[in-house]
Amino acid sequence: MKRIYSVLVENRSGVLSRIAGLFSRRGFNIESLAVGVTETSDLSRMTIVTDADERTFEQIRKQLSKMIDTVRVKALSPDESVSRELVLMKLRGKNESIAAVCEKTGAKIIEETDDTVTVEITASDVSEILTAFDEFEIVETVRTGVISLQKGNSSII
Amino acid sequence: MLASIALLKALEKEGVKDIFGYPGAAINPFFAALAESDIRFTLVRAEISAGFAANGYARVSGKVGVISTNPVGVCAVTSGAGALGLLPAIACAYADSIPIVAITGQVKTAEVGSDAFQEADITGAAEPFVKYSYLIKNPNDIPRIIREAFYLASAGRQGPVLIDIPVDVQEAECAPDFPETISLRSYNPTREGNVFQIKKAADVLSASKRPLIVAGGGIHSSNAVSSLRNFTASHNIPVVTTMMGLGSVSDSLGMIGIHGDPTANKALLDSDALIFIGARAGERSIPDPSVLRGKEIIHVDIDPAELGKNIIPRVPIVSDCGDFLEKISGKLPDKLFDTPWASPVKTAPETPLDRYFNTLSELTPPDTVIASDVGNNQIKASKIRLADGRFLTSGGMGSMGYALGASIGAMTACRGRNIVCIAGDGGFQMSFAELATIKTYSLPAKIIVVNDSSLGMVKDAAVSMGIPTLGFATDLSPGNPDFTALAKSYGIKAETVTDFNTDSLKRMLQSNSAYLINLVI
């Protein structure tokens with residue numbers, strides 16, 4: 001089952017490799033990991049999407065919390081959080097047809113040449129939108145991984 | 001002030017009295033400052049032994065009332081191959097939650113990442129085996145980092161902390177500001193258990209008919225030996241131990257698990273409630289967790305991640321072991337049971353080696369420290385019962401060569417306390433260069449090499465796995481030295497015993513200086 005952890009960590013060198021190493025050596029799965037600095041420059045926030053059963057999910061929480069650089073770990077349930085993922089995709093096809101699919105799916109064209117079109121897709125779940133572009137030749141794709149926040153006035157601290 | 005001097009000052013402020021290590025170009029400035037310091041230095045003969053010595057030192061110093069040095073063991077080695085040589089000992093300390101601080105030299109800051117001579121990414125390599133690590137880039141950070149390192153090594157679940165210092169940082173000038181307090185917003189381990197959970201545990205215990213305590217290494221780490229002894233004596237609850245928990249009580253039913261005592265394993269099966277205290281219930285202790293079905297399980301550990309990892313407890317409690325025992329006592333009547341439902345069974349020693357070790361336990365003072373290596377010698381040594389003894393071993397990592405290094409650390413921490421090192425001929429040959437260290441510092445090591453001219457446990461394990469042909473890889477006899485002659489070449493008294501004659505033990509124990517018995521079995 002897909003689950004999300006939001007993790008507040010000290011913004012120090014080595015933190016990302018420590019967290020990534022923890023997942024690989026304990027055999028935890030990472031679907032995606034997005035990381036960036038927060039509103040406080042000495043803190044970074046990671047959003048980790050993992051596929052795990054209940055017991056493993058709990059073990060991941062405990063192991064993440066145990067890391068010295070970890071300030072806070074919060075499990076985010078889909079009902080109580082908002083999520084977004086950003087995708088950039090370079091496509092080859094008829095520019096007008098690509099524009100039509102963009103129109104239908106809410107994707108945006110951000111760069112266009114005679115040969116290729118680059119589109120930007122932002123959604124809580126991008127998979128369905130990505131399928132809509134299957135009819136075109138995909139030159140390359142890059143995804144940020146999911147980022148999430150709790151709904152309403154709750155925050156991680 | 002020179003950064004290396006600031007570093008030594010910071011170590012002195014932490015109460016460090018001894019450092020074990022091996023020098024090299026990238027840590028020479030540190031050694032230059034060490035020469036001017038009051039901290040004693042023990043030069044070992046291989047980096048790994050510096051780590052094992054720091055381990056033995058920490059484990060014996062940690063016992064309150066015996067010695068007042070800092071309970072964290074410290075070792076220092078050079079960069080690259082030197083640091084990597086220490087790595088197995090760091091992993092050993094991590095597996096057994098032993099507080100050590102390892103200081104490694106590193107190539108110049110500007111050369112980091114260039115594959116310079118004797119450069120290794122030691123903080124990267126050690127990452128899976130350390131509680132935390134630092135690469136010092138700014139010499140002004142030294143006082144804070146040393147404070148944090150000693151705090152992290154010894155607070156919460158203890159473990160190794162690595163500090164890597166480029167040689168140019170050691171040589172830099174700095175303006176150190178030694179902090180009195182530590183502020184780590186991200187690390188606040190829970191020491192006191194939740195009161196409701198403790199009440200629940202007390203209710204489970206009160207309702208049980210055959211409760212059993214499983215005492216692990218956490219009892220020693222948290223200095224809870226006397227708390228546990230008082231608790232079991234008051235309530236007449238029997239105790240079994242894990243290998244790391246050996247020595248926590250004097251009248252335990254024995255060790256549980258694969259190499260455990262039948263009495264202890266039977267008690268585990270017969271019990272209706274179990275309190276795991278400072279034990280992680282690993283697969284060597286609880287090979288088949290399904291035997292715990294139907295039993296009420298209380299699991300007390302300082303590390304929340306251990307609760308629910310190997311076994312699922314009914315009552316998980318995050319707490320220091322001693323604190324838990326104190327708190328739960330307040331929620332129980334003065335005496336829970338009039339007599340324990342299970343008692344230790346005194347079995348006659350079966351084999352000549354059992355009898356030999358039994359005689360050792362009768363001849364040596366009850367507070368003797370046994371440092372054992374890994375293998376059949378370790379299992380036999382684990383049966384030695386001493387009322388107030390300690391059993392030092394590499395329980396988690398099974399690091400061969402541990403015993404001699406750990407003995408050096410224990411002897412350095414506790415001059416005057418009897419330390420007996422028990423090793424097989426395999427593990428001893430991974431570490432015997434340390435006889436030179438024992439000679440250099442006149443350490444009164446009592447060493448028994450249990451010499452079966454083979455890797456006995458590996459051989460036995462192969463047979464039990466249905467692999468009977470491992471002789472080519474386990475027979476050490478073609479190359480084994482004469483261990484007695486070897487010890488004598490270091491100027492250490494030694495004798496070979498081929499008939500289990502226990503007079504040899506008397507001679508060894510009466511010797512004021514180091515003594516080796518080559519016990520041919």
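This is a predicted model: local features need pLDDT of at least 70, side-chain atom pairs count only at pLDDT 80 or more; totals for chains, interfaces and linings use all residues.
**The cavity**

- Rolling a probe the size of a water molecule over the atoms shows where empty space is left.
- The lining of the largest cavity is made up of 13 residues, and those that lie nearest its centre are L246(B), G247(B), I384(B), R385(B) and L386(B).
- Sorted by class, the residues that line the largest cavity comprise 6 nonpolar, 5 polar and 2 charged ones.
- Two domains of chain B, domain 2 (195–329) and domain 3 (352–520), each supply at least three residues to the lining of the largest cavity.

- T368(B) sits in the loop of chain B that runs between α13 (352–363) and β12 (369–372).
- With a relative accessible area of 0%, T368(B) is buried, because the cut-off for a buried residue is under 20%.
- The side chain of T368(B) is joined to the side chain of T364(B) by a polar contact of 2.8 Å, and the side chain of T368(B) also reaches the backbone oxygen of P365(B) at 2.6 Å.
- When neighbours within four places in sequence are left aside, T368(B) is in contact with L386(B), G389(B), R390(B), N418(B) and V420(B); of these, L386(B) is also listed among the residues nearest the centre of the largest cavity.

**E306(B), in a loop between two strands**

- E306(B) is found in the loop of chain B between β10 (296–301) and β11 (315–318), and at 3% relative accessibility E306(B) counts as buried.
- Although E306(B) and V318(B) are 12 residues apart in sequence, the distance between them in space is 9.3 Å from C-alpha to C-alpha.
- A polar contact of 3.1 Å links the side chain of E306(B) to the side chain of K309(B).
- Not counting residues up to four places away in sequence, E306(B) touches R157(B), R280(B), H299(B) and D301(B).

- S133(B) has its place in strand β5 of chain B, which covers residues 132–135.
- The relative accessibility of S133(B) is 5%, so this residue counts as buried.
- Which residues does S133(B) contact, once its neighbours within four places in sequence are left aside? They are T123(B), E127(B) and L162(B) in chain B, together with R18(A) in chain A.

**The build of chain A**

- Chain A holds 4 helices and 9 strands, and when read along the sequence these follow the pattern β-α-β-β-α-β-β-α-β-β-α-β-β.
- The chain is divided into domain 1 (2–76) and domain 2 (81–148), and the centres of these two domains of chain A, taken over C-alpha atoms, are separated by 28 Å.
- Between the two domains of chain A, 9 residues of domain 1 are in contact with 7 residues of domain 2.
- The C-alpha trace of chain A spans about 50 × 35 × 30 Å along its principal axes, and of the 157 residues in the chain, 42% count as buried.
- Among the contacts in chain A with a separation of 6 or more, 74% are accounted for by residues 24 or more positions apart.

Definitions and conventions
Residues are numbered from 1 along each chain as its sequence is written. Chains are lettered from A and ligands numbered from 1 in the order in which they are written. Side-chain values use heavy atoms; hydrogens and water are left out. On a 1 Å grid over the protein atoms alone, a cavity is a set of points where a 1.4 Å probe fits but cannot get out, and a pocket is an open set with protein on both sides within 12 Å along at least five of seven lines; lining residues have an atom within 4 Å of a point. Ala, Val, Leu, Ile, Met, Phe, Trp, Tyr, Cys and Pro count as nonpolar, Asp, Glu, Lys and Arg as charged, and the others, Gly among them, as polar. Domain bounds come from an automatic or database domain assignment. Buried means under 20% relative accessible area, exposed over 50%, partly exposed in between (1.4 Å probe, protein chains only). A polar contact is a pair of N or O atoms within 3.5 Å; within protein, one must be able to donate a hydrogen and the other to accept it, and residues adjacent in sequence count only if both atoms are side-chain atoms. Contact means heavy atoms within 4.5 Å.
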